Amino acid sequence: MTTAGAPRWEHFEHGADIGVRGVGATAAQAFEQAALALTAVITDPARVASRDAVDVACEAADLELLLAQWLNALVYEMAVRRMLFARFDVVIDDGPPPRLRARAFGEPVDVARHRPVVEVKGATYTALRVARMADGGWLAQTVVDV
């Protein structure tokens, strides 16, 4: 039996791309889990040490667009810093407009240890959804271009 909004992440099928989904007790926790699902598209998050911190901030017109901004900010940070992230601390200010402040923890890519399988190009608006679920938890999902 699962508890309402128990944090978890998962992938879902979507043509040539892949869906990332986060669930949590709060919207912020669902965003953290969606970010973990993003990492899991690339590598097993358990292979990534949470030793270096990177601060991320973004805002958007609504929570759904904020999710896309958040994931795209992480894709950018992974690309320019050549890092992977395995832990996320997210705070969301409902606004308006909604704002996100976060710290992503990870380490530089080590190809031999991380064994990356794909490069994520960015989050899309396909299947983009942030909503409260019937059990009181939160869902945050979208499709990422690989």
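Helices, taken as H or I runs of at least four residues, and strands, taken as E runs of at least two, come from DSSP and are numbered from the N terminus. Bear in mind throughout that this is a predicted model.

**First stop: Ala 28**

Select Ala 28, whose place is in helix α1. Is this residue buried or exposed? Ala 28 has a relative accessible area of 15%, and because the cut-off for buried is under 20%, Ala 28 counts as buried. If you leave aside its neighbours within four places in sequence, the residues in contact with Ala 28 are Val 90 and Ile 92.

**Second stop: Gln 33**

Stay in helix α1 and move to Gln 33, which is buried as well, with a relative accessible area of 13%. Once its neighbours within four places in sequence are set aside, Gln 33 is in contact with Pro 7, Arg 8 and Trp 9, and also with Arg 21, Gly 22 and Val 23.

Now select residues 27-42, which make up α1, together with residues 63-81, which make up α2. Two packed helices are described by the angle between their axes and by the distance between those axes. Here the angle is about 40° and the axes are 11 Å apart, and α1 and α2 are therefore oblique to each other. The crossing in which α1 passes α2 is right-handed.

To see what lies between them, show the side chains of Phe 31, Ala 34, Ala 35, Leu 38 and Ile 42 in α1, which meet Leu 63, Leu 66, Leu 67, Trp 70, Leu 71, Leu 74, Val 75 and Met 78 in α2. Sorted by class, this contact has 13 nonpolar residues, with no polar and no charged ones.

**Last stop: the aromatic rings**

The structure holds two aromatic pairs. In one of them, Trp 70 and Phe 88, the ring centres are 5.9 Å apart and the planes stand at 85°, so the pair is edge-to-face. Trp 70 belongs to helix α2 and Phe 88 to strand β4 (residues 83-93), so this pair ties together parts that are 18 residues apart in sequence. Trp 70 and Phe 88 are both buried.

Technical notes. Residues numbered from 1 in each chain as written. Predicted model: local features only at pLDDT ≥ 70, side-chain atom pairs only at ≥ 80, totals over all residues. Heavy atoms only, no water. Axes fitted to C-alpha atoms, helices over the stretch in contact; angles between N-to-C directions. Parallel < 35°, antiparallel > 145°, perpendicular 65-115°, else oblique. Left-handed = near helix turned anticlockwise from the far one by under 90°. Contact = heavy atoms within 4.5 Å. Nonpolar A, V, L, I, M, F, W, Y, C, P; charged D, E, K, R; others polar. Phe/Tyr/Trp six-rings, centres within 6.5 Å; stacked < 30°, edge-to-face > 60°. Buried < 20%, exposed > 50% of the residue type's maximum accessible area, 1.4 Å probe, protein only.
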